[in-house]
Amino acid sequence: MAKKKAESSTKEFEQALKKSGEEKYLLKLYVTGLTPASTRAISNIKKICEEHLKGRYELEVIDIFQQPVLAKGEQIIAAPTLIRKLPLPLRKFIGDMSNTERILLGLDLRPKKQK
Amino acid sequence: MPKHSKEKGPAVSGLKKCPTGIQGLDEITQGGLPMGRPTLVCGSAGCGKTLLAMEFLVRGAVQFNEPGVFIAFEENAEELSKNVASLGFDLDDLARKKKIVVDYVYVERSEIEETGEYDLEGLFIRLDHAIKSVGAKRVVLDTIESLFSGLSNQNILRAELRRLFRWLKEKGVTAIITGEKGEGTLTRHGLEEYVADCVIMLDHRVTEQISTRRLRVVKYRGSLHGTNEYPFIIDETGFSVLPITSVGLNHKATDERVPTGIPRLDAMLDGKGYYRGSSILVTGTAGTGKTSLALHLVNESCRRGERCLYLASEESAAQIIRNGKSIGIDLSPWVKKGLLHFHVARPTYSGLEMQLVTANKLIREFRPAIAVVDPITGLTNIGTDLEIKAMLLRLIDMLKNSYITTLCTSLTHGVHSLEQTEVAVTSLMDTWLLVRDLEYNGERTRGLYVLKSRGMAHSNQIREFLITDNGIDLTDVYVGQGMVLTGAARKVREMKEEAEASARREETERVKRELERKRLIMEAKINEIRSQYESAEEELLACLKELELKEKGLASDRGVIADMRKADASKDKKETGKKPDRRENR
């Protein structure tokens, strides 16, 4: 779906821009077991998503202790890591997600002019 | 030398070592890198850090059956395997065989937002997974400093790195961590703070447009190690470090001889030739036949089935072979048989150290019995006398340790004294042959001396050195009447001498004949006298006889008369017969 859009004409691109407010988010959070940082990150991101992306997000929490292969595939080095799979482009956030402002900015949930 | 280090290394340090398999490096570190500990390899860009690390892994996997993990921060697996393929390492194959795992860690600052506290557990997990997947004993992190550019929180990073190195030690893997050289520090981000067990520094220096790679063990906790800078090369077979100081004066010495290929020269050298494993220096001005002497040795040795290494720096192999043919030496069959190997390179092609390393490599691989360095003076272009002397010293020691008979040629220029080489190496040499031009009466001829030859009774006399279609020939020079002559002058002199000699011979004959004649005359005279005497003797003897007879006759007559007179009694006959006799005798 995303690829089609990118390849489409300017018109469609503008349409897509209009739609951006209601775009669907696919987020993956990679944590390492139940470390304090992991737990904090999970609750923080859940809170943000509920507040700003209610109803249009999908959050997957993955424990890389359980699935180390995924860490290699996703180029994870730090934990916790949040990856915005959709909408493109791909974004990575590392840390316990305590810096809400930064996350909102990174997820394009806050117009840049405001800051 | 390797034997020496193997014996000494672990005994002294008590530290377990992990052999790298890299030529020379194990000798410098006396056995390898500290086992189960991280080692830092640092150096500026392009000095071979990644290759060193990769060779450590590959050799570990292939030679020591120790699988390895390569965590690449700068190149991905594909690029890496392509890059090291040029060194003959098949990374893909090793990966298939589960000997090596390459994990590319991609860190891009622009793609990462830092939102609070984090750790590098992700990296740990990946590393752990990779180690477990092949049962790795060796790990390379190349270059972990990339993390510093990818992540902004230095405090977290440093704490995590410390944790990482501790973790690696706990895992018991032998690790190499590479780091870029910083200003005034070993690494840009001070990695040496964390990896303190062993630090190896690589350097790539360019002096007078000639580059030399050097390696130095800065630190090796709990072990003795070579402290010098050692030159190394990277070529199609990987790393090659030359541990120079390990070369000592403990080479063997035998009585075995190596014929020179020239019977008369053998005769000059105690009748047997050079000592095996000795070093021979041939000096001389241009065009005096130094190379020809070398070719004779090579030819003779190849004929015996010995391997010869020819390090040439002025002529190409083809040219040497062609020139050899002109004096009746055909080297091409030996090249075909693999007995003769030419290594031809202009000295300016690489630094002195490099040439040493190259020579060392060739010696190790080719294992020659004879080596020829033609000429050593070619090196003067690329270094100071001191450097060259040091280099030649190492080269000669290296060759002697390998029990290789070495012949070096050295060109002397007119300005120098003939008995002084441009690079003062004569003291290193066991045998020194001097070929010199002898100019006399408008003709140049060549003369050969044995200036010295350690440990043998050699000839002190000059020989005329003739280069003929059938090779070198040594003939006696004209020595006499306070002169030494060669060439045509010798011939003329010899002819003149011959004439003089024949004249002298005639004179002698004449005197002898005169003497004989005198003797004959004398004898004739003696004979004459003798015959005169003999005739006189005869006459006198006859005369004497007659007189005696007469005397006898008289006596008997007297007796008869007495008898007739009956002068005495008959018993007195005898007395009377005797008494007159006595009287007669008186």
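Predicted model: local features only at pLDDT ≥ 70, side-chain atom pairs only at ≥ 80, totals over all residues.
Residues are numbered from 1 along each chain as its sequence is written, and chains are lettered from A in the order in which they are written. Local features need pLDDT of at least 70 and side-chain atom pairs pLDDT 80 or more, while totals for chains, interfaces and linings use all residues; side-chain values use heavy atoms, without hydrogens and water.

Reader: How many residues of chain B are in contact with chain A?
Author: Contact means heavy atoms within 4.5 Å. On the chain A side, 25 residues take part. On the chain B side, the number is 25.

Reader: What is the area buried between chain B and chain A?
Author: The size of an interface is often given as the accessible area lost when the parts come together. Here the loss is taken with a 1.4 Å probe and summed over both parts. Carbon and sulfur atoms give 58% of the area. The total is about 2,200 Å².

Reader: Which side chains meet in a salt bridge between chain B and chain A?
Author: A salt bridge needs a side-chain nitrogen of Lys or Arg within 4 Å of a carboxyl oxygen of Asp or Glu. The count between chain B and chain A is one. The N to O distance is 3.7 Å, and the partners are B:Glu113 and A:Arg102.

Reader: Which element gives the largest share of the side of chain B that touches chain A?
Author: Helices (H or I, at least four residues) and strands (E, at least two) are DSSP runs, numbered from the N terminus. Strand S5 (100-104), strand S6 (112-114) and helix H6 (121-134) of chain B each supply at least two residues of this side. The largest share is six residues, and it comes from H6(B).

Reader: Which residue of S6(B) is the bridge partner of A:Phe93?
Author: Two strands pair if DSSP finds at least two bridges between them. Strand S4 (residues 91-94) of chain A and S6(B) run parallel, joined by three bridges. The partner of A:Phe93 is B:Glu113.

Reader: Which strands are the edge strands of the five-strand sheet?
Author: The order of this open sheet is S2(A)-S1(A)-S3(A)-S4(A)-S6(B), with mixed pairing. An edge strand pairs on one side only. The edges are strand S2 (57-63) of chain A and S6 of chain B.

Reader: At what angle does helix H3 of chain A run to S1(A)?
Author: Axes are lines fitted to C-alpha atoms, for helices over the stretch in contact, and angles run from 0 to 180 degrees between N-to-C directions. Helix H3 (residues 36-52) lies across S1, S2 and strand S3 (81-86) of chain A. Its angle to S1(A) is about 170°.

Reader: What is the strand order in the nine-strand sheet of chain B?
Author: This sheet is open, and the pairing is mixed. Its edge strands are strand S17 (340-344) and strand S23 (471-476). The twist averages 25° from one strand to the next. The order is S17-S16-S18-S19-S15-S20-S21-S22-S23.

Reader: Which residue in the turn between S20(B) and S21(B) has a positive phi?
Author: S20(B) and S21(B) pair in the antiparallel sense over ten bridges. They form a hairpin with two residues between them. The phi is about 60°, and the residue is B:Asn441.

Reader: How many residues apart are B:Arg364 and B:Glu27?
Author: Their side chains meet in a salt bridge, at 3.5 Å from N to O. B:Arg364 sits in helix H13 (residues 352-366), and B:Glu27 in helix H2 (residues 25-28). The pair links distant parts of the chain; the separation is 337 residues.

Reader: What is omega for the cis peptide bond that joins A:Ala79 and A:Pro80?
Author: A:Pro80 lies in the loop between helix H4 (68-73) and S3 of chain A. A:Gln75 is also found in the loop between H4 and S3. For the bond between A:Ala79 and A:Pro80, omega is about -5°.

Definitions and conventions:
Buried area = accessible area lost by both parts, 1.4 Å probe.
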